[in-house]
Amino acid sequence: MQIDVVSLFPPMFSVLTQYGISRRAHELGTWQLNCWDPRSFATDVHRTVDDRPFGGGPGMVLMAEPLAQCVEAARRSQQAGGCERTHVIALSASGVPLVDARVRALAAAAAGRTGLVLVCGRYEGIDQRFVEAFVDEEISIGDFVLSGGEIAAMALIDAVVRHLPGALKAESVQEESFADGRLDGPQFTRPETWRGRAVPAVLLSGNHGHIARWREEQALARTRRLRPDLLQEDVRSK
Ligand code: 9D3
């Protein structure tokens, strides 16, 4: 799978190839990453990629042309790498909040012959004409303000890559929280007693029927307490 990122800060993305599951999958060749810096396509001596918003207002807006050059370069690279299609996602504070079902669908597309291009917003946003001409969907990672799209893009890549064949044992992805619309229950490891706190006795009982039922009750209770929205059938994003 090929992922191309358009960002003013390409070095941020090295964490994905340096740590954890995403690193291991990258080393195995499960996915590849290319970064495209709009500044390298700027035409003036100052390498300008942003300008003041028409109509006034605070801050700066990313200019359309350097972003377009990046996406076109990324698309050529993906085609040369064997991709049949390119799906362009803008990470934007005004995008649709990311959910598990969308992550799985993107992973399925990327595991086929669809390359992903992730465009990271900065400043106040991106020239809308670029969005209309190039962007297939706009994604946010939640209702809070980040300084730009980079950390959101990294979260998206991490979430997608772990679904690719070979990144994880199949059953661990299947059993994960959100796949079944509820939170995980609590986990415990050694020692059996830590600072006066004992592990729940049922987990030491060896009775796997009891353990499974207890875990389900715990997960359900935690979901009711912390995320009652997940239990409401009609708003579930599955
Ligand atoms: C919605 C807030 N905007 C109007 C005042 C200002 C603004 C805030 C944050 C404009 C750009 C940004 C930068 N954020 C992102 O690019 C971003 C983001 C986010 O802030 N939160 C959650 N997901 C994402 S994805 C990209």
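Predicted model: local features only at pLDDT ≥ 70, side-chain atom pairs only at ≥ 80, totals over all residues.

Trainee: Which residue of E6 stands opposite Val6?

Mentor: That's Val119.

Trainee: And what does E1 do with strand E2?

Mentor: E1 pairs with E2 (residues 32-36) in the parallel sense too, over 5 bridges. In that pairing, Ile3 stands opposite Leu33.

Trainee: Which residues sit on which side?

Mentor: Gln2, Asp4 and Val6 are on one side, with Ile3 and Val5 on the other. Both faces are covered.

Trainee: Switching topic: how is the chain divided into domains?

Mentor: Domain 1 is 2-170 and domain 2 is 176-236. Taken over C-alpha atoms, their centres are 35 Å apart.

Trainee: OK, charges now. How many salt bridges are there?

Mentor: The count comes to 8. One of them is Arg122 with Glu150, where the closest N and O atoms are 2.8 Å apart. That pair links distant parts of the chain, 28 residues apart: Arg122 is in the loop between E6 and strand E7 (125-126), while Glu150 is in helix H6 (residues 150-161).

Trainee: Are those two buried or exposed?

Mentor: Arg122 has a relative accessible area of 16%, so it is buried. Glu150 is at 0%, so it counts as buried as well.

Trainee: What about Asp100 and Arg104?

Mentor: They form a salt bridge too, with the closest N and O atoms 2.7 Å apart. Both belong to helix H4 (residues 100-111), and because they are 4 residues apart there, about one helical turn separates them. As for accessibility, Asp100 is partly exposed at 22%, and Arg104 is partly exposed at 24%.

Trainee: Where do Arg129 and Asp127 come in?

Mentor: Their side chains meet in a salt bridge at 2.7 Å, N to O. Arg129 is exposed, with a relative accessible area of 57%, whereas Asp127 counts as buried at 16%.

Trainee: And which residues are joined into a network?

Mentor: Glu84, Arg85 and Arg113. Salt bridges that share partners join them into one network.

Definitions and conventions
Residues numbered from 1 in each chain as written. Heavy atoms only, no water. Buried < 20%, exposed > 50% of the residue type's maximum accessible area, 1.4 Å probe, protein only. Helix = DSSP H or I, 4+ residues; strand = E, 2+ residues; numbered from the N terminus. Pairing = 2+ DSSP bridges. Domains from an automatic or database assignment. Salt bridge = Lys/Arg side-chain N within 4 Å of Asp/Glu carboxyl O.
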